[in-house]
Amino acid sequence: MRHALLILGFIAAVLAVVLAVTPLSQMSFIPAVVALIAGIFAFYMDKDRSKKAVQLIFILTILSISLATYKGVFSSAEVGNTEELKQKEQQLENESIDELEDLDTEGLEIE
Amino acid sequence: MKRIILSLVLLISAKALSQNTSIAIGEKLTYSASYVMSGLLTDLAEVTMETSEVNTSKSKLMKLKCTAATYTKWDSFFKIRDLYESYVSPSSLTPYLYNRDINEGGYNKFMKYKFDHKTNTVASLKRKLKKDGSTVEEKKTVKIGNATRDLVTTLYYIRNMEIHKAKIGDNQNFTIIFDNKEMVINVKYLGKETLNSVLGKTECYKLAISLKNSDVLKGNNDNLIWLSADANKIPIYAKFKIAVGSGELKLKRASGMLN
């Protein structure tokens, strides 16, 4: 049982770290909590045995939670480079004006 | 005589109904689009809706533009740079030209519709970028109904409806042309609700949107839009449910309103 909990905790902790470095950092809290619970149970199941595996789970979990919290607090949502989109938009507008000249826009206000 | 008066009244009311009373040239609305991933709402992209004036040698038109761009953190995973625009009559919002240029995670597509309201046809041009870098072009003439509009114009046209006169449960159909096919959008008025937004506490009209004979939009009354219950009828908040998940659009900034 302890082995199963350690394996589950380790997989969840690794998943939490992986998610924390991706844009899906918010989602890393879910495996981090799972890893933490598995680690705590494994720790109290057999206190006399080596704690190294549990320590590793805890370190990975703390690392992922810290990283996800930092990203959540300090990174603001900003739009990437839209220069290409603006150029395309300008080019499309120029093309559209030419085409609108040929279209029948009867009834519209005349400049 | 009665008939003449009745026809005159109908003509005047039809003209008054078709007048634009909500959308100003120079209006800019910015939204934050979020998507539900494993139960968590994640900010995905910024959506803008903007209007501007376009002049040709013969006429003055209003350009309705909608853009969507993913936030920087998503650009390396799934970059979206979408552009939808429509050139319409500033007074009646009748569309004349529509462009759609989408770039979604490497998938590129361009659509152009030229509306001919005399023959009720649309001359469409589809351009697709293939994986080898070459482009495929397809030209088509599509027969449309006399009330068919493009997607962007319909979004703005819904804002121009006299919702204050509607009763709860009232609904209206709008025909749109999308991917060279006519589709019917049903808009149902669900009542008024007060929402907290960047504009403060705002009383809103709650509308449910559904697409007839299509399974793009999922659920019953799960695709909702809240328009401010004033003369501008600004979309304040929207919730959508599609096959691959659900999300929302929240107003971040608004400027240049008509009223």
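Author: Going by the UniProt annotation, from an unreviewed entry, "transmembrane region" covers residues 30-46 and 53-70 of chain A. Keep in mind that this is a predicted model.

So what do those two spans look like here? Residues 30-46 of chain A come out as 94% helix and 0% strand, with 26 Å between the end C-alpha atoms. Residues 53-70 of chain A are 100% helix and 0% strand, and their end C-alpha atoms also sit 26 Å apart.

Now for the packing. Helix α2 of chain A runs over residues 29-45 and helix α3 of chain A over residues 52-74; their axes are 9 Å apart, at an angle of about 155°. Angles over 145 degrees count as roughly antiparallel, so that is what α2(A) and α3(A) are to each other. The crossing of α2(A) past α3(A) is left-handed.

Zoom in on who touches whom. From α2(A) you get F29(A), A32(A), A35(A), L36(A), G39(A), A42(A) and F43(A), and across from them in α3(A) are V54(A), I57(A), F58(A), L60(A), T61(A), S64(A), I65(A) and A68(A). Sorted by class, that contact has 12 nonpolar and three polar residues, and no charged ones.

α2(A) has another partner, helix α1 of chain A, which spans residues 2-21; the two axes come within 8 Å and cross at roughly 150°. That angle makes α1(A) roughly antiparallel to α2(A), and α1(A) passes α2(A) in a left-handed crossing.

On the α1(A) side, the contact includes R2(A), L5(A), L6(A), L8(A), G9(A) and A12(A), as well as A13(A), L15(A), A16(A) and L19(A). They meet P31(A), A32(A), V34(A), A35(A), A38(A), G39(A), F41(A), A42(A) and M45(A) in α2(A). By class, this contact has 16 nonpolar, two polar and one charged residues.

If you put the two contact lists together, A32(A), A35(A), G39(A) and A42(A) of α2(A) turn up in both, facing α3(A) in one and α1(A) in the other.

Last, a quick look at the other chain. Contacts between the chains involve 37 residues of chain B and 27 residues of chain A. On the chain B side, β2(B) supplies the largest share, six residues. The class breakdown for that side of chain B is 13 nonpolar, 12 polar and 12 charged residues.

Key
Residues numbered from 1 in each chain as written. Chains lettered and ligands numbered in written order. Predicted model: local features only at pLDDT ≥ 70, side-chain atom pairs only at ≥ 80, totals over all residues. Contact = placed C-beta atoms within 7 Å. Helix = DSSP H or I, 4+ residues; strand = E, 2+ residues; numbered from the N terminus. Nonpolar A, V, L, I, M, F, W, Y, C, P; charged D, E, K, R; others polar. UniProt positions renumbered as here; feature names shortened; annotations may be inferred. Axes fitted to C-alpha atoms, helices over the stretch in contact; angles between N-to-C directions. Parallel < 35°, antiparallel > 145°, perpendicular 65-115°, else oblique. Left-handed = near helix turned anticlockwise from the far one by under 90°.
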